[in-house]
Each structure stands twice: as C-alpha cells, then as structure tokens.
Amino acid sequence: MDVMRLNDLPPREAALIRVIDWTALKAGEARRMRELGFDEGVRVETLHRGPMGMDPIACRVGRMTIALRRKTAAAVSVEPFPMAAE
Amino acid sequence: MNSAPLVALVGNPNAGKSALFNALTGARQKVGNYPGVTVERKSGRMALPDGRPIELVDLPGTYSLDPASPDEQVTRDVVVGKQEGERLPSALVVVLDATNLDNHLRFALQLIALGLPVVIALNMIDMAKRDGLTIDVAALSKALGVQVVETVAVRRLGMDELKTALATVVGDGTRTVRAGAPPEHDIVTLQRRARAIAVAATQEESLERRWTHRLDAVALHPVSGPILLAVILFVMFQAVFSWSEAPVGWIEAGFAWAQDAVRSVLPAGILRSLLVDGVIAGIGSVLVFLPLILILFLFILVLEASGYMVRAAFLMDRVMAGVGLSGRAFIPLLSSFACAIPGIMATRTIDDPKDRLTTILIAPLMTCSARLPVYAVIIGAFIPAREVGLGVGLQGLVLFGLYVTGIVAAMIAAFVIRRTIAKGESAGFMMEMPRYQMPVFRDVAIGLMQRAWIFLHRAGTLILLATVLLWALLSFPQSPTGRDQVRYSAAGRIASGLETIVRPIGFNHEIALAIIPAMAAREVAVSALATVYAIEGADEVQTERSLVGRLRGRWSLPTALAFLMWFVFAPQCLSTIAVIRRETNGWKWPLFSLAYLFGLAYLAAGFTFWAATALGL
C-alpha cells in the first residue's frame, strides 16, 4: 500500500500510523502527541477539516478525536487500509 | 490543621472529574488558591460509609505527570507531595473515561506507580455501553493491581461502591504510605502497556460515537460550522441583554426602595448621606449587573460542559493563527467578555508561554460586563434611541461598535505583541475533542453559584470601600455656604490636578473625579458620577435614575464619545492588574499592561474627541 502523510489522507478513510517523524516536531508538541495516543501502529482517520476546508483538521486516533494543524499532521506517515464502510 | 485524611481526585481532562467531585461532595465545596499560583484549589468534605470524614481535593485535569502548564504542575506537585500548602494525599481516586480506556489508562499506570493507595473510578460506563464496549472490570482490576469501581458521575451511580472501596485503602490520615519522585517511564512504553491492558479488558462491537459524529458533521462543517458559531455567540449576547431586563428592574426597584426607607427613618445629615448617597447608591449601581454576568457565565458554563467550547476553538484556530495565536486562546478570550479575571486565569491551560502571555495581555481589551454600566449610562444619555433601518436601533449599533472596537484592538495588539515582545514561532494547536454531553443542572448550578459569590464578595468589599471612600473625600472638608461642595472637597482638589492631564482629550472635572475611584473597578465610574452629581445637587431626590438626565445637560457629545472610547481601552480594574501580576509572577507585565492600555486609552479618547469636535458634533 502507498504510504502518505496524515494531512493528505482523504476524510473518512481509515489508515494505520507507520512512522512518526518526531524530529520534525517541537519537543512540547511531540510530547503532547504521545500523550494523546499518537504512536506507530495506531489506527487513524481524518474526520473534519477547518472552516473553508483549511486548518486545522480533526482526526480520530484510537478512540479519541484530536484537533491539530496540517503542519503537525505532516510529520505522521500513514498507510491507508481498504475497509468496508463502517 | 485539618485532621481528616486528604484524598485527591486525579484524571485526564474530559474524564468527568468535576462531575464526580460534585457528586461526592455536593455543594459543600471550598474554592481557594494554591499559594503563589492562581490555580484554583477546590476541596470538599465527604463521609465514608463507616462515618469517617474525608477531605477531597479536585486536582486540575492533566494527561501525564510531565507538566506543560501551571495547572498540570500543581497536579504533579500534589501527588508527589511537593505542593506548598498541601499535604501529601492519603489516597488517590483516579478517574478514567471508560470510552477512552486505552489512552486514559496510561496516566493511571503512571499514578499507580507512585505507590500511593489508589482506587479507580471507571467513569462514563453508560457511554461505553452505548458505544458497544464491554469492559471486564475484574480483569482490569487484576491487571492494574488496584480496585476498579464503575461509575456514572453525572447520574451519581456507583458513588456508594466508590466510597466503600476508598474506605478499605485510606488510612487514618496521620501518615501516608510513601512519597517520592515518580519513577521515570517513557510515555510510549506506558502507552503500549496501557493499550495492551485496555484491549485485553475490552470487547468492542463498533468504534462509532454516533451522536457526537452526527453533531460534529454540522458543528464542524467547513460552512455550517462557522455559521452555527456566529449564531450561538449572537444568541448569547442577545440573551445577556434581553433576559436580564426584568431582574435588573427588580434590583433597581429594590435599591430605590431601600434609599426611600433610609430617608424616611433617618434625619437629614451625615449618616443619611453616607447610607443613601454612598453605600446604597454605590452598591446598587454595581449589583444591577449581577443578572448580566450570571447569564453570560451560564452560557459559558453550558458551552464548556456540553463539549462545544473545544469545537469553537477548532473553528477559530485559523483566525487566531492569523495574529500568531491558536484556537486555544479563544476560550479565555470568550470568558473575558464576562470578566477578564476568570479569562486570564483560564489561560493556564495554554501550554506555550508566549501564547499565554499574549492572551493575558489582550484579555482586558475584551468588553467585560463591568464596562456595560458605563456604556449603558453614556449611550442612554447621548445616543438618540432611533432606528437606523431594518429594526436595528442606533443605541444598539453603538454598543456593538464598542465591542467590535475592543476585539479589533485586541487582534492588532496580539499581532504586534507576537512580533515584538513575545516573538517566536507559533506553538501550534492540538486539542482533544471530547464527546458531546448533556450539561448536568447540578454542575452548572454549582459553577454559577461560585461565580455569583465571587462577584458579590467583590461588590461587598472592594467596591463598597471605594464608594464610601469617595463619598468621604467628596463630602469633606465641608464647603462654606455659597461655594461648590464638589470642587471644595478633598476629592475635588485631587481631580483638579488630574484634570490638567485629561482636559486635552475633552474630559471635564467630574470625569477626572470619577475615573480615580474607577481604578478599583470600571463600574464604579457610574456610581462615582452618581455620587458626584448627588452631592452637587443635594436637594434633588433621585440619584441613579436621573443620572442620565444630569449628564445630558452637562457634557458635550464629543466628551461623551471620548469617555466611551476611554473605557474600551483603559485598564481600570485593580483585580485584573493583581491577577496579571500573580499569573506572570512579577510586576513587569502588569506595569506593561497599565502603560500600553492607558496609552491607547488616551490616544483613542483624544482622537475621538478631536475628530468629533472637528465634525461639529
């Protein structure tokens, strides 16, 4: 499967986190992301985009919904997996 | 010293911690502060099934023991026994959201590792069931090595079981089992362990949070989302004015009755003047705003409890990013429309220090409810009550303009501050979006009561003192007959000095006199003007009600407009300055706020006066 960045993942398409480039993030940001459950192998999905389809985006990570900016999401590489509509 | 064992309530934000705290302690709560920081310390009393009393303290919600904000710092320091002014807890109640177990368990593991006795409240278990989750409590308890109790705090379910479990672990409060630095654990390792435990204990049928997703499809929609937010804000401000009309009338009538009653009982003289012109007129002119403040806080509390506030932050993030802030700053700024003090205190949740400082510095520019009395009196006196078309009144339009001026000024100030004194890269925006929840009446009512109490306390102490002091300075020394009492009095002489500074921006002697005590609180300007004109025209009976008429004859329109603009900017609130000092740990930023806001106020009032005069208004 193709690996893409989380900010490019089309809405409502489920994916698995492959790699997170922690070095591309500021220390506080990286720590907050870990606390909110971002980790390799976790299931993610983009749910919403900000006003006018711009920043920020809302993603489901595990069972939580997290709002974050696209620039931050770009550090997360994901691999979409085909799945019947839930 | 309190002898009842101390139990601390700890958990992630959005785990339902405050609801659990309210359910366990009822209204028997004390709200205070931790020394040195403005983090609120909420504590309450509860009894165990065997009758032993417990002091329960509600710690700020946090995601880990690695603090990012002052709030989280307090939580960490309390649970490791390092917080000044707090004992090491005898036990912890760790609150977990049952629907978010994989994430919340990680923090629970960190807390259990501290070695204090722990009971886990597996909260929102009803929501988990509705989401199709089945949690094996026995397996969870075994994996964690502590007791786990299912609870639904908002419906007070599981409270007895929780108290029973707590009774088995809490000692007599004389000594606590252990304390020390938390063992170093890497978050990712703990997170993975937590996920493994959660997966083993949970059976899930679906991943959907149906209601939350349906509501978010509208509330976060790129087009309908911002429209809905605008509508909610519009309804909120509309309600503040229309719902408060009747109760404000009752309060006014009540104080007028009290003035008449005192007049009929006491003979004319110093004491009667003190009570009628000083105490009752002063307190009354401030207390009439209690309904407005409560309605505004009602909306803010409901928006917070329902989970919508985070959505508003999501929608506003793009706009706030334009001036170098994040959506997180929107929540404190919205609270600042009620009062800058809780607004500035709410910035504690912003982890980036520069974002936080900028938000603190611009919060006083949001039109707080204390400005409303000033605006209402001046607009009532000088702006004709005519329509400008489409059912929009000119008076309302001017009021709206004053709000907008404050917001625009705040955005420009943030833009400048973020590029000069708080320079630095944007800290980004990351927030958990909790599920929507029906706000619980009890929790909202307790929050409102606490706000009302803070306001009444302020009116009864600071504002009362300022009004009585002003009355005394205005009444003494007594002028010889034929001389103007106000100019002859001590306050009048002080004001004459200030008048030379504010005369260029169109302010007269009475304004100079009113803005001095208004340093205590903005709304004092109204009671001060009322007192000044009451003492000046001592034979007239009504003070408050005829203030509008008296102003009309004495002020020019350019002066009135300049006075309004002054109050958009001027930092006339000692409590706000005090809170900025506490929040920033020093005098540098409160003094900076005073300087830049007074500077802006002088310039804005000046330009308004000069422009209005040039236009021949």
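How many salt bridges does the rule find over all chains? In this predicted model, the count over all chains comes to 27, and six salt bridges are found across the interface of chain B and chain A. One of the pairs in the model is formed by R31(A) and D66(B), whose closest N and O atoms are 3.8 Å apart. Because R31(A) belongs to helix α1 (residues 27-35) of chain A, while D66(B) belongs to the loop between β4 (53-58) and α2 (70-79) of chain B, this pair joins two chains. A further salt bridge brings together the side chains of R192(B) and D39(A), with an N to O distance of 2.7 Å.

The interface was then described as a whole. The size of an interface is often given as the accessible area lost when the parts come together. Between chain B and chain A the buried area is about 3,700 Å², and carbon and sulfur atoms give 52% of this area. In terms of residues, 45 of chain B are in contact with 38 of chain A. Polar contacts were also examined, and 13 residue pairs of this kind are found across the interface of chain B and chain A, both residues of each pair being at pLDDT 80 or more. On the side of chain B that touches chain A, at least two residues each are supplied by α3 (101-112), α7 (187-201), α8 (210-219), α13 (308-322) and β12 (430-433). When the residues on this side of chain B are sorted by class, 19 are nonpolar, ten are polar and 16 are charged.

Strand pairing also links the two chains. Strands of a sheet pair through backbone hydrogen bonds, either parallel or antiparallel. An open sheet of seven strands is found in the order β1(A)-β6(A)-β2(A)-β3(A)-β4(A)-β5(A)-β12(B), with antiparallel pairing. Its edge strands are β1 (4-5) of chain A and β12 of chain B, each of which pairs on one side only.

Within chain A, strand β3 (residues 43-49) and strand β4 (residues 57-61) pair in the antiparallel sense over five bridges, where E45(A) has R60(A) as its bridge partner in β4(A). Strand β2 (residues 14-20) pairs with β3(A), again antiparallel, over three bridges, and here A14(A) has E45(A) as its partner. The antiparallel pairing of β2(A) with strand β6 (residues 76-80) of chain A extends over five bridges, with I20(A) standing opposite V76(A). A UniProt record, an unreviewed entry, places the feature "domain: Ferrous iron transporter FeoA-like" at residues 4-80 of chain A. Over residues 4-80 the chain is 17% helix and 40% strand, and the end C-alpha atoms are 8 Å apart.

Two features of the backbone remain to be noted. Most residues other than glycine have a negative phi, and most peptide bonds are trans. In chain B, the peptide bond from F476(B) to P477(B) is cis, with omega near -10°, and P477(B) is part of the loop between α19 (441-475) and α20 (485-488) of chain B.

Methods: Residues numbered from 1 in each chain as written. Chains lettered and ligands numbered in written order. Predicted model: local features only at pLDDT ≥ 70, side-chain atom pairs only at ≥ 80, totals over all residues. Heavy atoms only, no water. UniProt positions renumbered as here; feature names shortened; annotations may be inferred. Helix = DSSP H or I, 4+ residues; strand = E, 2+ residues; numbered from the N terminus. Contact = heavy atoms within 4.5 Å. Buried area = accessible area lost by both parts, 1.4 Å probe. Salt bridge = Lys/Arg side-chain N within 4 Å of Asp/Glu carboxyl O. Polar contact = N/O pair within 3.5 Å; in protein donor to acceptor, adjacent residues only side chain to side chain. Nonpolar A, V, L, I, M, F, W, Y, C, P; charged D, E, K, R; others polar. Pairing = 2+ DSSP bridges.
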